[in-house]
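Visitor: I'm new to this one, and I'd like a close look at a single part. Could you walk me through how two neighbouring pieces meet?

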Amino acid sequence: MEYTEEILAKIEEYAGLLTTISDMAILLDIDEDVLRDEITNKTSIVSLRYRKAKAATELELRRQEIDLAKLGSPIAIELVQKHKMTQQISENG
């Protein structure tokens, strides 16, 4: 399937808003299985735009959690510790 820049931008927007693939397919009027295949194909432009937008949102949320942890929020401190452990696992494996 050919994806226009408009569709790619919407995929990026929805991924950044942590929208499920099922909902994304409905909103974009694209077959869910086709969209899912594109997203799981790590070399496709759809997958790259999807993963980049999702990662950018996750990065923004981690920044906010770190800022709150620095201010002493116990929940934020716990979340930051979990992110730290996830990062260490990623580095080792």
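Visitor: Before we zoom in, what percentage of the contacts in the protein chain with a separation of 6 or more come from residues 24 or more positions apart? And then, which residues make the contact between α1 and α2?

Guide: Happy to. Keep in mind that this is a predicted model. On your opening question, the figure is 42%: that is the share of contacts with a separation of 6 or more that link residues 24 or more positions apart.

Now for the close look. Take helix α1, residues 5-16, and helix α2, residues 21-28: their axes come within 11 Å and cross at roughly 145 degrees. That crossing is right-handed. On the α1 side, the contact is made by Ile7, Lys10, Ile11, Tyr14 and Ala15, while α2 brings Met24, Leu27 and Leu28. Sort them by class and you get seven nonpolar residues, no polar ones and one charged.

Stepping back to the whole chain, buried residues make up 26% of its 93 residues. The radius of gyration is 16 Å, whereas a compact globule of 93 residues would have one near 12 Å. Along the principal axes, the C-alpha atoms fill a box of roughly 50 × 30 × 20 Å. As for the surface, the chain exposes about 6,800 Å², and carbon and sulfur atoms supply 55% of that.

Technical notes:
Residues numbered from 1 in each chain as written. Predicted model: local features only at pLDDT ≥ 70, side-chain atom pairs only at ≥ 80, totals over all residues. Heavy atoms only, no water. Axes fitted to C-alpha atoms, helices over the stretch in contact; angles between N-to-C directions. Helix = DSSP H or I, 4+ residues; strand = E, 2+ residues; numbered from the N terminus. Left-handed = near helix turned anticlockwise from the far one by under 90°. Contact = heavy atoms within 4.5 Å. Nonpolar A, V, L, I, M, F, W, Y, C, P; charged D, E, K, R; others polar. Rg over C-alpha atoms; globule rule 2.2 N^0.38 Å. Buried < 20%, exposed > 50% of the residue type's maximum accessible area, 1.4 Å probe, protein only. Areas by Shrake-Rupley, 256 points an atom, 1.4 Å probe, with all protein chains shown as cover.
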